[in-house]
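These are my notebook entries on a structure that was new to me. I set down what I looked up, in the order in which I looked.

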Amino acid sequence: MASGVKPRVKVPKTAAAGEAITIKTLISHKMESGQRKDKEGNVIPRSIINRFTCEFNGESVIDVTLEPAISTNPYIEFDATVPEAGEFKFTWYDDDGDVYDTAKKVAIG
Amino acid sequence: MKFKAMTAIAALVISAPFMASAEADDDELIVNDEITMVTKTAAPAHLADDVDEIISGWHFRSDETQIMQADDFDNPGMIFVEQAMDDWNTVMGSKDKSCASCHGDVEESMVGVRTVYPKWNDAKETVYTMEMQINDCLTDGMGAEAWKKSGSKMARMEALISVQSRGMPMNVAIDGPAEATWEEGKELYYTRTGQLDLSCASCHEENYGNRIRSDHLSQGQTNGFPVYRLKNAKLTTAHGRFKGCVRDTRAETYNPGSPEFIALELYVASRGNGLSVEAPSVRN
């Protein structure tokens, strides 16, 4: 497992039904591109988050493919419409097979 | 004619944002809609002959960079603060202690600490930076190994401690036993170094608000340190920045943690007495 990986998410606690809210996500990850070499000249193997998804009550909101050129600690911000009270589920997929996830509830009000 | 008019308009459009971003702007910094920062204020008495107003480096950055600092989620420096929080609670060294064993909750015990460092240490009879105090805690208090000066672990612990003083005014003491060190720092500040023959004052006192190549010169205030720099995506300490500046004058630099940089840190901090602690600030 890559070290120091920690997902962070910011979602408003409440929203009006049908309102578009801004969701901010960030995961601390070194995003090693696979292009760099260490002091001995050996290639440092690629190790990145290659996919990010967000679901709301089981329905896909966004599904992102991440590429090696993306910087350390990828930050993804997007808008989502909230039709009803429910839960956003966020998932990040690591090259090494690890999956990190977190969830946030949104109430209508 | 039409072509000329178009170029003139284009030139205007391009130059306007340029001008706006080189000078210190009049924006207001409120972090998390809670903490209103003092980012401009009257210069402290010792500086009044040379500078009228002291200005945080925040004012010299573009709007996009400024906004990042206004919300902890958008501020990438806060990731390192979170990591340091883990360090704070981690038991290290032969005495089976963590920082929390002695100091408890960092959010209570470290309030205001950042505003007075560097400060005179009575027992050691020298001026102490926060970094020296942290390393003393590690070696003497915890029986652990000292951290690398200005290294990443040190920078993020300084950030964690500094964050507890956010919004409080910088207030380092320059009289009493610290005065001799302060004078040394002042001497260094006005001493030209390197092939380019520049002192700190050449850029940060005489030319702040102007450009140096493609960058904007700030007053070189340290109230935002450790600072998250977009150019290398990590925290930079004051000594790390000093080293970069001296190197840019094409001189051999002093090392982070050296007596020269400790004196300079005290002096530069005193030039910002009155500005709010902003750490971890976001700069380019």
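**Entry 1. Between the chains**

I began with the salt bridges between chain B and chain A and found four. I note at the outset that the model is a predicted one. One of these bridges joins B:D71 to A:K10, with the closest N and O atoms 2.7 Å apart. By class, I counted three nonpolar, no polar and five charged residues on the side of chain B that touches chain A. I also looked up the polar contacts between chain B and chain A, and four residue pairs, both at pLDDT 80 or more, are listed.

Next I asked how many residues of each chain take part in the contact between chain B and chain A. Eight residues of chain B are in contact with 10 residues of chain A. The area buried between the two chains is about 920 Å², and carbon and sulfur atoms give 50% of that area. On the side of chain B, the residues that lose the most area to chain A are B:F73, B:I79 and B:E82, which together make up 66% of what that side buries.

**Entry 2. Salt bridges one by one**

I then examined the pair A:K24 and B:D74, whose side chains meet in a salt bridge at 3.1 Å, N to O. This pair crosses between chains: A:K24 lies in strand β3 (residues 19–28) of chain A, and B:D74 lies in the loop between α2 (63–69) and α3 of chain B.

Are the two partners buried or exposed? A:K24 counts as buried because its relative accessibility is 16%, under the 20% limit. B:D74, at 15% relative accessibility, counts as buried as well.

I turned to a pair within chain A. A:R46 forms a salt bridge with A:D95, and their closest N and O atoms are 2.8 Å apart. The pair links distant parts of the chain, 49 residues apart: A:R46 is in the loop between β3 and β4 (49–56), and A:D95 is in the loop between β7 (86–94) and β8 (99–108). A:R46 has 40% relative accessibility and therefore counts as partly exposed. A:D95 counts as partly exposed at 29%.

I noted a network too: salt bridges that share partners join A:K6, A:R8 and B:E82. In chain B, the side chains of B:E278 and B:R283 meet in a salt bridge at 3.1 Å, N to O. Both B:E278 and B:R283 are buried.

**Entry 3. The nonpolar cores**

I looked up the largest nonpolar core, which has 31 residues. Which of its residues touch the most other members? They are B:W88, B:I134, B:L138, B:W147, B:M157, B:L160 and B:I161. Three helices of chain B, α3 (77–88), α7 (130–141) and α8 (152–163), each supply at least two residues of this core. Helix α8 of chain B gives the most, with seven residues.

Leaving out residues up to four places away in sequence, B:W88 touches, among others, B:C99, B:H103, B:V106, B:M110, B:M157, B:L160 and B:I161. A second, separate core has 27 residues, including B:M170, B:A178, B:Y189 and B:V277.

I placed B:M130 in helix α7 of chain B. With 6% relative accessibility, B:M130 counts as buried. Setting aside residues up to four places away in sequence, B:M130 touches B:R114, B:Y117, B:E158, B:I161 and B:S162. The C-alpha atoms of B:M130 and B:P118 are separated by 6.4 Å, although the two residues are 12 residues apart along the chain.

I found B:S281 in strand β11 (residues 281–283) of chain B. B:S281 counts as buried, at 1% relative accessibility. What does the side chain of B:S281 reach? It reaches the backbone oxygen of B:G224 at 2.9 Å. Beyond four places in sequence, the residues that B:S281 touches are B:Q69, B:G224, B:P226, B:V227 and B:Y228.

Apart from its neighbours within four places in sequence, A:S47 is in contact with A:H29, A:K30, A:M31, A:E32, A:D94 and A:D95.

Conventions:
Residues are numbered from 1 along each chain as its sequence is written. Chains are lettered from A and ligands numbered from 1 in the order in which they are written. This is a predicted model: local features need pLDDT of at least 70, side-chain atom pairs count only at pLDDT 80 or more; totals for chains, interfaces and linings use all residues. Side-chain values use heavy atoms; hydrogens and water are left out. A nonpolar core is a set of buried Ala, Val, Leu, Ile, Met, Phe, Trp, Tyr and Cys residues joined through side-chain atoms within 4.5 Å. Buried means under 20% relative accessible area, exposed over 50%, partly exposed in between (1.4 Å probe, protein chains only). Helices (H or I, at least four residues) and strands (E, at least two) are DSSP runs, numbered from the N terminus. Contact means heavy atoms within 4.5 Å. Buried area is the accessible area (1.4 Å probe) that two parts lose on being put together, summed over both. A polar contact is a pair of N or O atoms within 3.5 Å; within protein, one must be able to donate a hydrogen and the other to accept it, and residues adjacent in sequence count only if both atoms are side-chain atoms. Ala, Val, Leu, Ile, Met, Phe, Trp, Tyr, Cys and Pro count as nonpolar, Asp, Glu, Lys and Arg as charged, and the others, Gly among them, as polar.
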